[in-house]
Amino acid sequence: MKTRWRGLACLGLCAVLAWFLAEAGEIRRAAAEALALCGRSVVPALFPFLVLSILLVSLGFGELVSPHLAGLMTPLFRLPGCASSALLLGLAGGYPIGAQTAARLYQKGELTRGEAERLLAFCNNSNPVFLISVLGAGVFGSVRTGVWLWLIHILSALLTGLVFRRSGESASPQYVVRENTFQNRSFFAALVEAVQGGLTGMLSVCAFVIFFYVLAAPLAALGGRLGPLLVGLTELFSLTPLLAADGFSFVLAAGCAGWGGLSVLCQTAAVLEGSGLRLRSCLLGKVLQGLLSAALALALRGWVLG
């Protein structure tokens with residue numbers, strides 16, 4: 001079975017390579033657009049958040065918020081209060097900061113593996129600026145619509161967390177060794193590590209954005225509703241110019257933002273590399289969040305767009 005799938009993957013890659021060679025001019029144009037997108041939007045919006053999220057975790061942000069938010073995280077999601085830092089930073093900073101923060105918390109011993117993987121199912125979320133400004137104001141011509149997309153996104157993430165609360169196991173607190181990183185870590189050393197880690201993560205993010213932006217280019221030419229759907233499932237930024245200010249686009253935008261796209265999934269895999277955490281929970285969580293987001297948007301589209 002593995003050999004068969006490997007053969008099919010090689011055939012698919014050969015087909016993609018043949019398309020690259022046949023459409024070299026189109027490939028260069030799409031790659032140039034993706035590079036411009038990274039320089040204009042992705043890097044300025046994401047790099048500061050990557051650095052700050054690493055720095056906050058290194059200085060013990062999870063430990064600081066843990067006593068205050070444990071009363072919500074533990075009964076709702078079966079997670080310690082420090083897990084709220086990954087959820088909050090993920091909602092504020094966008095993909096893949098939530099996953100990166102969860103991985104850092106696990107590596108520092110503040111979460112067990114089961115807790116970290118359960119957290120991955122719902123902490124990796126879209127940037128509110130993208131939902132409110134790019135989609136809401138830019139596509140639908142309404143900040144109010146963007147705010148509703150953002151609220152739908154948050155609600156679907158929390159509902160996903162509730163669904164996954166029974167998955168995996170949680171260690172009893174006395175069996176988890178937690179480091180007091182806030183007192184023991186030098187700020188300068190943490191800052192240097194954060195900038196270096198942010199740069200590494202940023203390079204991975206931009207690489208996947210460019211690659212999947214190029215792959216999504218021929219899908220956009222399919223037209224109708226199938227083209228935007230396939231593009232949204234592949235790369236979220238590429239979906240924006242294909243949307244119209246109508247009910248279908250509202251549902252599609254909400255669902256694809258909840259899913260994130262194959263590009264975001266690969267970005268998440270990159271930040272989890274070497275952490276010991278599996279991507280499976282994140283994948284299942286994003287599928288569920290995408291479906292919940294689309295369902296909520298479908299139920300609300302008449303009222304929001306009306």
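**Notebook: burial, helices, a pocket and cysteines**

I began with burial and found that buried residues make up 46% of the 306 residues in the chain. Here, buried means under 20% relative accessible area, exposed means over 50%, and partly exposed lies in between, with a 1.4 Å probe and protein chains only. I noted that this is a predicted model, in which local features need pLDDT of at least 70 and side-chain atom pairs count only at pLDDT 80 or more, while totals for chains, interfaces and linings use all residues. Residues are numbered from 1 along each chain as its sequence is written, and side-chain values use heavy atoms, with hydrogens and water left out.

**Fold**

I looked up the secondary structure and recorded 15 helices and zero strands. Helices (H or I, at least four residues) and strands (E, at least two) are DSSP runs, numbered from the N terminus. I then turned to contacts, meaning heavy atoms within 4.5 Å. Of the contacts in the chain with a separation of 6 or more, 77% are between residues 24 or more positions apart.

**Helix α7**

Which residues of α7 are buried? I listed P128, F130, L131, L135, G136 and V139. Seen down the axis of α7, these buried residues fall within an arc of 165°, so they line one face of the helix. The arc is that of the directions from the helix axis to the C-beta atoms. On the face turned away from the buried side I found the exposed residues V129 and G138. The buried residues of α7 pack against α4 (84-93), α8 (143-163), α12 and α13 (247-259).

**Two single residues**

Leaving out residues up to four places away in sequence, H153 touches Y95, N125, S126, L131, A257, G258 and Q289.

With a relative accessible area of 23%, L219 is partly exposed. Its contacts, again not counting residues up to four places away in sequence, are G227, L230, V231 and T234. L219 and V231 are 12 residues apart along the chain, and their C-alpha atoms are separated by 5.9 Å.

**Largest pocket**

I looked up the largest pocket and noted about 490 Å³ of space in it. On a 1 Å grid over the protein atoms alone, a cavity is a set of points where a 1.4 Å probe fits but cannot get out, whereas a pocket is an open set with protein on both sides within 12 Å along at least five of seven lines; lining residues have an atom within 4 Å of a point. Grid points are joined across faces, edges and corners, and a volume is the space filled by probe spheres set on the points.

The lining has 28 residues, of which S41, V42, A45, F130 and F237 lie nearest the centre of the pocket. Which helix gives the most to this lining? I found that α2 does, with seven residues.

**Cysteines**

How many disulfides does a search of the whole structure find? I recorded zero, taking a disulfide as a pair of cysteine sulfur atoms within 2.5 Å. The sulfur of C206 has its closest cysteine sulfur in C38, 3.8 Å away, which is too far for a bond. C206 is buried, with a relative accessible area of 14%. C282 is also in no disulfide, as the nearest cysteine sulfur, that of C123, is 7.2 Å away. I noted that C282 is buried, at a relative accessible area of 1%.
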